[in-house]
Amino acid sequence: MPEATATAVLPPTSHADPFAAEHLEHPEPLHHSLREAGPVVRLSRYDVYALARHQEVHAALVDWQSFQSGAGVGLANFRHEKPWRPPSLLLEADPPHHDAPRSVLREILAPPALRRLRETWQVAAENLVDALLATGSMEFDAFDALAKVFPLRVFPDAVGLGPDGRENLLPYGNMAFNAFGPRNDLVAADAHRVAKLSAWVNAQCAREKLTQDGFGARIWAAADRGDLTHEQAPLVVRSLLTAGVDTTVHGLAAALYAFATHPDQWQRLRERPELARVAFDEAVRWQSPVQTFFRTATTDVTVAGTVIPQDSKILMFLGAANRDPARWSDPDRFDLGRDPSGHVSFGMGLHQCVGQHVARLEAESLLTALARRVERIELADEPRRHLNNTLRSWASLPVRIRPAA
Amino acid sequence: MVVQNLLPTAPRYSTSTVTLEVRSKDVVADGVVSLTLAHADGTRLPDWTPGSHIDLVLPNGATRQYSLCGDRWDPYSYRVAVLREPAGRGGSAYVHDTLTPGARVGVGGPRNHFPLAPADRYLFIAGGIGVTPLLPMIRQAELMGADWQLLYGGRTRTSMAFRDELTAAHGDRVTVAPQDECGLLDLGAWLSEPAAGTKVYCCGPGPLLAAVEDACAAWPPYSLRTERFTAAAHTEPVLRTPFEVELRRSGRTVTVSPDVSVLDALRQAGADLLSSCEQGTCGTCLTPVVAGTPDHRDSVLADHEREANDCMLPCVSRSRSGRLVLDL
């Protein structure tokens, strides 16, 4: 036997469909079995390779040279298949084309640039919680009343969207995140409204639709300075609208779910509201609102002894990496005493979520406002998941609260 | 709280992020050496884009900025080229005369003030060692399928680094014009006609930049992009000794030894500080500074934000003053 093949490791095979309803509903058992099976697992159902351990997922995320995004970060391989929409200039692009859009957006969404929003968002969060408590109803759906409402109140304003049609944002995001998976029933369910939702979102990206002081206007100003082309500007605005709404809504829902099921941790946050930032990152580690993304091998890549052939699709299980016992002690526990730094819920490396500081600021604002005003939060009924091929999302989160004295 | 949750297998960058090893030192032209820098343990370096520079913190305490001129597809090494500047403050002389392969140097960044913006066509103008940031830009222009030309001036042919590689690889896209053979660059001939869709990228000595700015006065706004390094305003040297960090709100003080990052020292003191990339690129650990002067080594903050000294990224940045006070 030639030496090269003698040293190559054949990866274990799983016949599971990670996009089947049972796994989307309860991903942990599949994540556990994939981590246990090996550092690389072949998924026979889609003829792709899976990474589920933190070390390999982290390494693949940062190695853009070997694991490209430009052939799509879903199951579809753009080298052979036509994308369902013009590809994202950020998420679905590689250097050098990725550089200019990333550089422009990074500066617009960097922590120093967000300082001006902090106070506005704190006030918005306090007003939202006060209004909710003023209704006198101590049982409500925290997904609708908090997780969904708050980002939809502050983020479109920050982008500079007009008042009309904002109800299209979540359905558009749901569709876009389903599209990273296979063409299953979840994708089919949205087929009738792809054209309408896309047309609305695309129309909002035009300069004249945006207010003059938001993120969107800054993107257009960058195009006026020649840092982007005027053809690129609307697609960069589209990235904000696709990636910035559903993700934070379900991230906030993850945090509320975590606290509703861990009253001791809620007390901890009540005692030290400055833990809100750590709490949000721990919640998105624990729930991983973005469960998976694909990459494509640019060459034959060896991962832990397994050769992944060029042009293969690689499915990275962010949620599994975030609960890898080789990286985290007691990984299934939601624990504000833990340092969640190093989780991969925002990705890592060149494509790491450019809006992560926006998400953290939204979460910090809302969690701090709640911690000051709410003494107890607990589940009032069984929460319901909403199934999506990529997002760990919610349909309802019924809670019962007791206001602080 | 946190330290016990970090198992030994967890990827840690710590201060190795900011200390690199000189792997090779080569003479590439009269008075110019190139340095190849890498992690001692061969791990990945932070990503960069054409036009980026790094801060090189030399063993003698001097900090100098050099453009990255290597290949960004190689994640394991950085390459810079250093011109000996007899009138300089001693940084380049140290690199030329004292620095040897195997030496450790501090590194800040990469940061990019000179990014390559999209264009149909580029005119690159280099003066002497100013060719360095343009090398990766030229490769980028090729990859993007853009049209480009390089006008490369220098004192003498043998002082012009990379001239043979450039002409061999790109033929008549490259015009090499040594001053002792051709006189000053004929900017009028190259720039008299503003060209729509063309961006002009120029790096070189001050008089060249001024002449190019004049020659481009009639060009559409934002057509011309230049790189001008300014000497760092800091008077305090980089500390190579332990320093103290006070956590203002919690009232604790921690001593940071040279081989530990500020972030790790803060965590050991019990601060609840989030981080993510731990390479100074994502901005997650941004922390307000109340007093003291940070030694900024990150890729996130803009110059005016660094100079304000009111925040820092403790995953890579350190201190120039004996005491830093943080709002933690």
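Two residues count as in contact here if their C-beta atoms, placed from the backbone, lie within 7 Å. Keep that in mind as you click around, and remember that this is a predicted model.

Start by selecting helix α7 of chain A, residues 142-159. You'll find α7(A) lying across β5 and β13 of chain A, at about 55° to β5(A).

Colour β5, β13 and β10 of chain A: they form an open sheet of three strands in the order β5-β13-β10, with antiparallel pairing. Which strands stand at the edges? They are β5 (139-141) and β10 (374-379) of chain A; each has a single partner strand, so one side of each is left without a neighbour in the sheet. Look along the sheet and you'll see a twist averaging 30° from one strand to the next.

Zoom in on β5(A) and β13(A), residues 398-403, which pair in the antiparallel sense over three bridges. Pick E139(A) and you'll see R400(A) of β13(A) standing opposite.

Next, select α8 (169-178) and α10 (194-204) of chain A. Their axes come within 10 Å and cross at roughly 115°, and the crossing is left-handed. Show side chains for P171(A), Y172(A) and M175(A) on α8(A), then V194(A), L197(A) and V201(A) on α10(A): these residues make the contact. By class that gives six nonpolar residues, with no polar and no charged ones.

Last stop: the contact between the chains, with 33 residues from chain B and 34 from chain A. On the chain B side, select helix α2(B), residues 134-144, which gives the largest share, three residues. Colour that whole side by class and you get 19 nonpolar, seven polar and seven charged residues.

Notes:
Residues are numbered from 1 along each chain as its sequence is written. Chains are lettered from A and ligands numbered from 1 in the order in which they are written. This is a predicted model: local features need pLDDT of at least 70, side-chain atom pairs count only at pLDDT 80 or more; totals for chains, interfaces and linings use all residues. Two strands pair if DSSP finds at least two bridges between them. Helices (H or I, at least four residues) and strands (E, at least two) are DSSP runs, numbered from the N terminus. Axes are lines fitted to C-alpha atoms, for helices over the stretch in contact, and angles run from 0 to 180 degrees between N-to-C directions. Ala, Val, Leu, Ile, Met, Phe, Trp, Tyr, Cys and Pro count as nonpolar, Asp, Glu, Lys and Arg as charged, and the others, Gly among them, as polar. A crossing is left-handed if the near helix is turned anticlockwise from the far one by less than a right angle, and right-handed if clockwise.
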